[in-house]
Amino acid sequence: FPMIADAALDHAKKYQRSWDADEGAIKRLKGWWGTRMADEITTDEINDRLYQNTAPRGLCWTETTANKYRVLLSKIYQMAIDRGELTVNPATKAHRYKLNNARTRELSHAEEEKLRQAIREDYPGKEPELNLALMTGVRRSSLYGIHGKSRKEMAPLDWKNVDLDWKVMRIPRAKSGKAYTVPLNTIALDALKALRQRSDGTGPVIR
């Protein structure tokens, strides 16, 4: 099992934008099954491990986390099958929780004001960044990029992807890997104009 788990992690490091979560999860999976032969691990054993760590038991995982471990295990086995090393994937029939992921989470006016006040007191030059983030709703990585040894690098928002005349900005890569365009309201436009005054209009929007 450790061999097929390490092979899956090597693949993630090469081809996934973020693989640090897989690294931690695979370390735990290897701890569970040690040097067991991969084809000896059963669906019942997988179910038992996931159940024993889902809240209120063990590690108190949410059902979402338990599902993620099941998916990762299935991927590890499927990759080994694709390489011709195994023939059966015991994780495919492991229990999967049915989830209701629908949610709406927005800052309340009180939360926004508290956040804004803290920024004004400690980092007043960053308020345009807050306005841009709030008014566009894009991910942090889409504005600031990703820089770190455990994740594939991602460039920050660049002025070449901002059109102040047409009032849009283009995000080259979303979490899904696809590009998309974000309309800019007046507050977002004012934030970008404030940031533009700090640069020559090329390179990263946020310095």
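**Strand, salt-bridge and pocket features of the predicted model**

Buried here means under 20% relative accessible area, exposed over 50%, and partly exposed in between (1.4 Å probe, protein chains only). The model is predicted, so local features need pLDDT of at least 70 and side-chain atom pairs count only at pLDDT 80 or more, while totals for chains, interfaces and linings use all residues. Residues are numbered from 1 along each chain as its sequence is written, and side-chain values use heavy atoms, with hydrogens and water left out.

S2 belongs to an open sheet of three strands, ordered S1-S2-S3 with antiparallel pairing. The edge strands, S1 (162-163) and S3 (180-183), each pair on one side only. Strands (E, at least two residues) and helices (H or I, at least four) are DSSP runs, numbered from the N terminus. Two strands pair if DSSP finds at least two bridges between them. Four bridges join S2 (residues 168-171) to S3. Within this pairing, Met-169 stands opposite Val-182. Two bridges join S1 to S2, and these strands run antiparallel. S1 and S2 form a hairpin with four residues between them. In its turn, Lys-167 has a positive phi of about 60 degrees.

Salt bridges were assigned next. Side chains of opposite charge can pair when their charged atoms come close. The criterion is a side-chain nitrogen of Lys or Arg within 4 Å of a carboxyl oxygen of Asp or Glu. By this rule the count comes to 10 salt bridges.

One of them joins Asp-6 and Lys-30, with the closest N and O atoms 2.8 Å apart. Asp-6 lies in helix H1 (residues 2-15) and Lys-30 in helix H2 (residues 20-33), so the pair ties together parts that are 24 residues apart in sequence. Asp-6 is partly exposed, at 31% relative accessible area. Lys-30 is also partly exposed, at 28%.

Another salt bridge pairs Lys-75 with Asp-22, at 3.4 Å between the closest N and O atoms. This pair links distant parts of the chain, with Lys-75 in helix H4 (residues 63-82) and Asp-22 in H2, 53 residues apart. Lys-75 is partly exposed, with a relative accessible area of 30%. Asp-22 counts as buried, at 15%.

Arg-207 and Asp-200 also form a salt bridge, their closest N and O atoms being 3.8 Å apart. Arg-207 is exposed, at 58% relative accessible area. Asp-200 is exposed as well, at 59%. Elsewhere, salt bridges link Glu-112, Arg-116, Arg-120 and Glu-127 in a network.

The second largest pocket has a volume of about 520 Å³. Its lining comprises 18 residues, of which Leu-107, Leu-130, Ala-133, Leu-134 and Gly-137 are the closest to the centre. Helices H5 (109-122), H6 (127-136) and H7 (140-144) are the elements that give two or more residues to this lining. H6 supplies the largest share, five residues. A pocket is an open set of points on a 1 Å grid over the protein atoms alone, where a 1.4 Å probe fits, with protein on both sides within 12 Å along at least five of seven lines; lining residues have an atom within 4 Å of a point. The lining divides into 10 nonpolar residues, one polar and seven charged.

Definitions and conventions
Points joined across faces, edges and corners; volume = space filled by probe spheres on them. Nonpolar A, V, L, I, M, F, W, Y, C, P; charged D, E, K, R; others polar.
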